Amino acid sequence: KVLIVDFGSQVTQLIARRVREAGVYCEIAPFQSAERAFETLAPKAVILSGGPASVLDQGSPRVPDVIFSSKVPVLGICYGEQVMALQLGGKVAAGKTREFGRADVEILAESALFDNVWEKGQSYPVWMSHGDAVIDLPPGFVRAATSRQEAVAVMADEARHYYGVQFHLEVVHTPQGARLIENFVHKVAGLSRDWTMRAFRQEAIAAIQAKVGTGRVLCGLSGGVDSAVAALLIHEAIGDRLTCVFVDHGLLRHGEAEEIVSLFRGHYNIPLIHAQAQDLFLDALAGVSDPEEKRRIIGRLFIETFEAEAKTIASDGKGVPEFLGQGTLYPDVIESVSFTGGPSVTIKSHHNVGGLPERMNMKLVEPLRELFKDEVRELGRELGLPEAFVSRHPFPGPGLAIRCPGGVTREKLAILRQADAIYLDEIRKAGLYDKIWQAFAVLLPVQTVGVMGDGRTYEFVCALRAVTSVDGMTADFYSFEMDFLGRAATRIINEVQGINRVVYDVTSKPPGTIEWE
Ligand code: XMP
């Protein structure tokens with residue numbers, strides 16, 4: 001086991017993720033409760049995270065003494081390195097060597113941390129972000145790597161298994177960082193690769209049971225992977241004390257609602273309320289073309305429908321659900337934390353179930369809060385979700401409404417569904433689905449003239465979109481072969497009545513967004 005002491009870095013969870021990738025169990029504890037966590041967990045190694053404070057500030061956080069006196073291996077990262085240097089008798093100074101972004105480090109000494117990864121005498125790229133720096137090494141340490149700015153990039157005390165690194169080795173911009181963390185947990189701390197998603201599943205189930213006790217949980221299903229995986233875990237933990245609600249707003253893709261219902265009711269036998277609210281949503285959207293207005297209507301009706309269904313659940317006499325299960329992922333957590341209070345502008349009001357728990361006075365159960373999207377997918381596989389479901393592209397909460405710029409009608413939705421299904425079918429046939437982050441069709445509120453057979457046509461334009469991305473925050477358009485685009489366009493125009501022209505969107509994000517609205 002590894003204990004990660006969190007000094008408030010934005011990327012502490014990335015450290016946890018790297019440790020998990022190395023097949024080793026870890027827990028994160030905020031520095032305030034690190035001493036207790038150390039005693040309960042009895043870890044074989046400790047990692048100290050970065051953080052926003054300066055070790056030179058009065059009252060800035062420290063490492064509990066017990067961690068150093070217990071003689072476990074310690075890896076300090078950025079703030080973690082500096083606080084370690086200071087507490088072990090070294091010196092830190094402000095401002096002398098500020099480095100932000102990419103830097104190169106030169107390796108000055110061999111180290112167990114570098115084993116089979118970095119060689120003495122060579123230079124390697126890393127990601128730096130610091131204002132303070134270690135200027136005097138604590139007794140027992142050597143400078144194992146240096147940066148151009150002469151900072152102590154790595155300090156090592158091989159005898160005590162203490163390592164401090166100034167750069168962020170947990171981020172992808174430090175290309176070999178993950179391997180250095182592996183070296184630390186495997187070679188330095190001697191931990192073996194025995195932690196798996198199966199183990200996570202067991203732990204998550206136990207944690208849900210402990211939290212919920214004999215209570216009931218309500219869980220909204222969106223049709224996406226995250227809410228489905230969260231619901232499956234909760235169901236494994238508490239069985240039929242979970243009820244799922246699937247609000248069908250009539251804005252889903254071809255066959256999607258049926259798939260969800262049959263998967264949950266049929267395959268998993270989980271109590272599921274299928275709220276057929278298509279007319280409610282589509283009637284309310286009639287004549288509305290402003291994108292934000294559409295999002296507001298959908299968000300409001302979603303909450304109202306969900307709430308109404310929740311009330312019916314208690315009528316079976318087995319009690320009112322006091323918990324709300326959600327598939328919140330770690331990136332959602334960081335985004336909402338780092339944006340609170342900031343002057344960030346609302347580009348789009350994202351529709352999700354935020355606001356529901358307060359309004360319904362419910363406590364949250366969020367078993368995926370520590371995971372990243374690809375880890376959730378792996379957990380989904382572990383829980384037996386079909387591969388096609390697990391590896392699906394993301395789909396926005398407001399559904400096809402934001403892929404029909406202008407007014408949304410049942411007729412337009414029917415046209416869009418067909419075009420979208422053909423486009424995705426061609427992408428799958430070409431073996432490209434997994435290379436693309438998200439692909440979809442958009443039905444434009446524009447009609448153009450065409451000729452089919454001997455007749456004139458005057459029909460809608462369909463835009464195709466496909467992007468690559470890591471997290472949806474930035475994106476690039478996908479470069480299809482022209483042949484592929486021609487094939488998809490021909491099929492759409494031939495098979496879908498109502499579309500006579502197809503265009504491809506070559507906008508990246510920024511300046512565009514992934515969705516059109
Ligand atoms: P944009 O269009 O903002 O989209 O570049 C980024 C990612 O978020 C998805 N998206 C949403 N997801 N509710 C969601 O759950 C929403 O309201 C929403 N709007 C956009 C979008 O599909 C893309 O993956």
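**Notebook: sheets, helix contacts and an annotated site**

I began with an open sheet of 5 strands, whose order is 14-13-12-15-16 and whose pairing is parallel. I took helices (H or I, at least four residues) and strands (E, at least two) as DSSP runs, numbered from the N terminus. Two strands count as paired if DSSP finds at least two bridges between them.

I noted that this is a predicted model, in which local features need pLDDT of at least 70 and side-chain atom pairs count only at pLDDT 80 or more, while totals for chains, interfaces and linings use all residues. Residues are numbered from 1 along each chain as its sequence is written.

**Entry 1: the parallel sheet**

Which strands stand at the edges of this sheet? I found strand 14 (272–276) and strand 16 (363–365) there; each has a single partner strand, so one side of each is left without a neighbour in the sheet. On average, neighbouring strands of this sheet are turned by 30° against each other, direction ignored. For such angles, axes are lines fitted to C-alpha atoms, for helices over the stretch in contact, and angles run from 0 to 180 degrees between N-to-C directions.

I then looked up the pairing of strand 16 with strand 15 (residues 323–325), which is parallel and has 3 bridges. F323 has K363 in strand 16 as its bridge partner.

I also looked for a helix against this sheet. Helix 10 (residues 291–313) lies across strand 12 (217–221), strand 13 (242–248) and strand 14, and runs at about 145° to strand 13.

**Entry 2: the mixed sheet**

I recorded a background point first: strands of a sheet pair through backbone hydrogen bonds, either parallel or antiparallel.

A further open sheet has 9 strands in the order 2-1-3-4-11-10-9-6-7, and its pairing is mixed. Strand 2 (26–30) and strand 7 are at its edges with a single partner strand each, so one side of each is left without a neighbour in the sheet. Neighbouring strands here are turned by 20° against each other on average, direction ignored.

I checked three of the pairings in turn.

- Strand 3 (residues 45–48) runs parallel to strand 4 and is joined to it by 3 bridges; the partner of V46 in strand 4 is V74.
- Strand 6 (residues 99–107) and strand 7 (residues 123–130) run antiparallel and are joined by 8 bridges; R102 is bridged to W127 in strand 7.
- Strand 6 also pairs with strand 9 (residues 142–147) in the antiparallel sense, over 3 bridges; V105 has S147 in strand 9 as its bridge partner.

**Entry 3: the annotated site**

Where does UniProt place the feature "active site"? The unreviewed entry gives C78, H168 and E170. UniProt positions are given in the numbering used here, feature names are shortened, and annotations may be inferred rather than shown by experiment. Although these residues are spread over 93 residues of sequence, they cluster in space, with a largest C-alpha distance of 10.9 Å.

I looked at C78 separately. C78 sits in the loop between strand 4 (74–77) and helix 4 (79–87). Its phi is positive, about 55°, although C78 is not a glycine.

**Entry 4: helix 1 against helix 5**

The axes of helix 1 (residues 12–21) and helix 5 (residues 177–188) come within 9 Å and cross at roughly 65°. Helix 1 is therefore roughly perpendicular to helix 5. The cut-offs are these: angles under 35 degrees count as roughly parallel, over 145 as roughly antiparallel, 65 to 115 as roughly perpendicular and the rest as oblique.

Which residues meet here? I found R18, V19 and E21 in helix 1 meeting A178, I181 and V185 in helix 5. Contact requires that the C-beta atoms of two residues, placed from the backbone, lie within 7 Å. The contact residues divide into 4 nonpolar, no polar and 2 charged. In this division Ala, Val, Leu, Ile, Met, Phe, Trp, Tyr, Cys and Pro count as nonpolar, Asp, Glu, Lys and Arg as charged, and the others, Gly among them, as polar.

**Entry 5: helix 15 against helix 16**

Helix 15 (residues 410–429) packs with helix 16 (residues 482–495) at an angle of about 150°, and their axes are 9 Å apart. The two helices are therefore roughly antiparallel to each other. Helix 15 contributes Q418, A419, I422, Y423 and E426 to the contact, and helix 16 contributes R487, A488, R491, I492 and E495. I counted these residues by class as 5 nonpolar, 1 polar and 4 charged.

**Entry 6: cis peptide bonds**

I found the peptide bond from K509 to P510 to be cis, with omega near -15°. The bond from P510 to P511 is cis as well, with omega near 10°. P510 lies in the segment after strand 20 (499–504), and P511 is placed in the segment after strand 20 too.
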